[in-house]
Amino acid sequence: MLSLADIEAARDRVDEVARTTPLEYSHSFSRMTGADVRPKLENFQRTGSFKIRGAANRIATLSEAEKAAGVITASAGNHAQGVALAATRAGVDAKIVMPEHAPIAKVDATESYGGEVILFGADYNDAQDRAHEIEALEDRTYVHAFDDEYVMAGQGTLGLEIAEQCPDADTVVVPIGGGGLISGVATALKATLDDVRVIGVQAEGASSVARSLEKGTRHELDAVDTIADGIATRSVGQKPWEIIQERVDEVVTVSDNEIALALTYLLERSKTLVEGAGAVALAAVLSEAFAYDDEETIVPALCGGNIDLNDLTTVVVRGLVQMGRYVKVRTELKDNPGSLERLVEIIADHNANIYGIQHDRTSRDVAMNAAEVVLDLETHGHDHVDELLAAIEAHGYETERLV
């Protein structure tokens, strides 16, 4: 089983490629939670995620024959970039199979680091099956994203950094997809810090470990569905699963809405951009998915920052909805001159800002003498939304909240 010595040996190899990332106290999140919250900003890592650590360690341990034959891997995006960069730096040819709907930003970044990208399948597991076919056909070495002790040891160097940067940590919160990161981090922390608690977090739509712990055996999901694509795996690796059972104190889940809220808070309060998988650890803290004490020192690992810009607006809007800062409302107006103006006056009187108005008198869902109006509104919190909708309805308008 993975040991501290394995991780310490990996550190010498990883340090040649990866950088030490900051761990900083957050006034905002400490105030919001009552805890002492100190995020580990691994989204500032080279390639934008922790994955470069494991990839660099695995490729550094290849034999000369294996380097000459090249490597192959499957990835939802971040591992792809890590393997591409580490392989290019080592002079090794790399092919990476990614799901067909992998974020464009991650595909482009992988290619920019020198990897050859092959798009295949609906999710990580489909991509992995195709990668193993290529492995057999071309005699390449498969660099597993998580179920490999060299990879796990490389990821564990993040745990060594946390122990050094925050030796008084009470709880460290770590995302779980396939389990490589948390198995390495838990191994490092349990061997170096006294009484530290390690909490794993999964998205509700990709909760293979949480369900496996409930069943008492490793369980594979039929499908995954979450905005946290970086941890959207159907099953945890066998090697990480063994370590998680022994060294991880608790595994919790968070919803996509909670992930979006955490991501939006990070942007607004900390000026920090993360992807969905990078926000899950903070989401667990903010949503109190696990119990903690006032002033407890908590380190949420923000493990990645490679969000596709096409998805960012959608995620942020969802976060604003959770904060009560954005609402979309449908109502009907009599199709008379001045009716829209009167509705706008009500909104203005209650200090809401109109982002957009859709006015449709041809909708089949309204009477012939009426018009449908959909309003995108900026609001100041949930109480403000309730007051605004109550005021609109008090003037005789029926409202339907769309988001």
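Mentor: Leaving aside neighbours within four places in sequence, Lys 106 is in contact (heavy atoms within 4.5 Å) with Ala 76, Gly 77, Asn 78, Gln 81, Met 98, Asp 229, Gly 230, Glu 275 and Asn 306. The model is a predicted one, in which local features need pLDDT of at least 70 and side-chain atom pairs count only at pLDDT 80 or more, while totals for chains, interfaces and linings use all residues. Residues are numbered from 1 along each chain as its sequence is written, and side-chain values use heavy atoms, with hydrogens and water left out.

Lys 106 sits in helix α6 (residues 104-112), where helices are DSSP runs of H or I with at least four residues, strands are runs of E with at least two, and both are numbered from the N terminus. Because its relative accessibility is 1%, Lys 106 counts as buried, a term that means under 20% relative accessible area, with exposed over 50% and partly exposed in between (1.4 Å probe, protein chains only).

On a 1 Å grid over the protein atoms alone, a cavity is a set of points where a 1.4 Å probe fits but cannot get out, a pocket is an open set with protein on both sides within 12 Å along at least five of seven lines, and lining residues have an atom within 4 Å of a point. The structure holds one cavity of 30 Å³ or more, and about 280 Å³ of space lies in the largest cavity, a volume being the space filled by probe spheres set on points joined across faces, edges and corners. Helix α9 gives the most to this lining, with three residues.

Of its 24 lining residues, the closest to the centre are His 101, Thr 226, Ile 227, Asp 229 and Ala 232. Helix α14 (residues 309-323) gives the most to the lining of the largest pocket, with four residues, and that lining divides into twelve nonpolar, five polar and seven charged residues; here Ala, Val, Leu, Ile, Met, Phe, Trp, Tyr, Cys and Pro count as nonpolar, Asp, Glu, Lys and Arg as charged, and the others, Gly among them, as polar.
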